[in-house]
Structure formats: structure tokens, C-alpha cells
Amino acid sequence: MRYVYAPAVKQKYRPNVEFGSPANYRILVQGHVGSEWSDRLSGLRLSTSTSEDGSSRTELLGSLRDQAALSGVLATLHSLHFAILVVEALDAGTEGDERG
């Protein structure tokens, strides 16, 4: 996989994500997302951590079947009033399993 470095935002981007194909994603939100939401969030694995100042962040990790599924997860997080901090497409061999 080829990465492109974008100096304006100082992040790496994957230019070859297929719109209608499965992909592994990492999503980071501010706050605690309870495990009871996992099914509504396409079965992504949830992991919450708490910083020294007491604030929490939840990482959602796994495979989504296509961009529509990603959009649905993001819409759900938005409707639950979670601030979305990071959305990252991961390499195919990275953490996550294919979900339908």
C-alpha cells in the first residue's frame, strides 16, 4: 500500500480505498461508548481509556463492508453526541476482521 504524505495536515493518507469494498477502520471519539452500542456500531470492537485529567476516549476498531457502513457508524456516533476525533482507514493486514 502506498501512502501519501500531506504536509498541510501532517498526516498520511491512503489514496486507494475502494468505495464499495470492505476496509479496516480505527475511529476515536471523545467520551465513553458503552459495549451495549457495539451491535448498532456494526460490531466494531470498543476500547475506552481514561487520561490523567479524567477525560475518556473510546477507540472503535474493525472491518466495515463499505463506505455506506462507515457512514452509518459515523451518523450513529453523531446522533449519540460523541465528538469524532479520528477516522482512519488501516492497511488490509491491520487489526480488524471482515463484517457484512
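What share of the contacts in the protein chain with a separation of 6 or more comes from residues 24 or more positions apart? Such residues account for 68% of them, a contact being heavy atoms within 4.5 Å.

Before you click around: this is a predicted model, in which local features need pLDDT of at least 70 and side-chain atom pairs count only at pLDDT 80 or more, while totals for chains, interfaces and linings use all residues. Residues are numbered from 1 along each chain as its sequence is written, and side-chain values use heavy atoms, with hydrogens and water left out.

**Stop 1: the whole chain.** Of the 100 residues, 29% are buried (under 20% relative accessible area with a 1.4 Å probe, protein chains only; exposed is over 50%, partly exposed in between).

**Stop 2: helix α1.** Select residues 67-79. Now show Ala69, Leu70, Val73, Thr76 and Leu77, the buried residues of α1. They sit on the same side of the helix because their arc around the axis is only 125°, taken from the directions from the helix axis to the C-beta atoms. That buried set packs against β3 (23-30), β5 (56-64) and β6 (83-90). Turn to the face pointing away from the buried side for the exposed Ala68 and His78.

**Stop 3: the helix ends.** At the N-terminal end, Asp66 caps α1, with a side-chain oxygen 3.2 Å from the backbone nitrogen of Ala68. Just after the helix, look for His81, whose phi is positive at about 65°.

**Stop 4: strand β5.** This strand is largely enclosed by the rest of the structure, since 7 of its 9 residues are buried. On one pairing, β3 and β5 run antiparallel over 8 bridges (strands pair if DSSP finds at least two bridges between them); Ala23 has Leu64 as its bridge partner in β5. Strand β4 (residues 45-50) is also antiparallel to β5, joined by 6 bridges, and there Ser49 partners Arg57. In the hairpin of β4 and β5, with 5 residues between the strands, Gly54 has a positive phi near 90°.

**Stop 5: the core.** Finish with Ile27, Val29, Leu60, Leu64, Val73 and Leu77, which have the most contacts inside the largest nonpolar core, a set of 14 residues. A nonpolar core joins buried Ala, Val, Leu, Ile, Met, Phe, Trp, Tyr and Cys residues through side-chain atoms within 4.5 Å. The elements giving two or more residues to this core are β3, β5 and α1.

Note on methods. Helices (H or I, at least four residues) and strands (E, at least two) are DSSP runs, numbered from the N terminus. The expected span of a helix is 1.5 Å times one less than its number of residues. A polar contact is a pair of N or O atoms within 3.5 Å; within protein, one must be able to donate a hydrogen and the other to accept it, and residues adjacent in sequence count only if both atoms are side-chain atoms.
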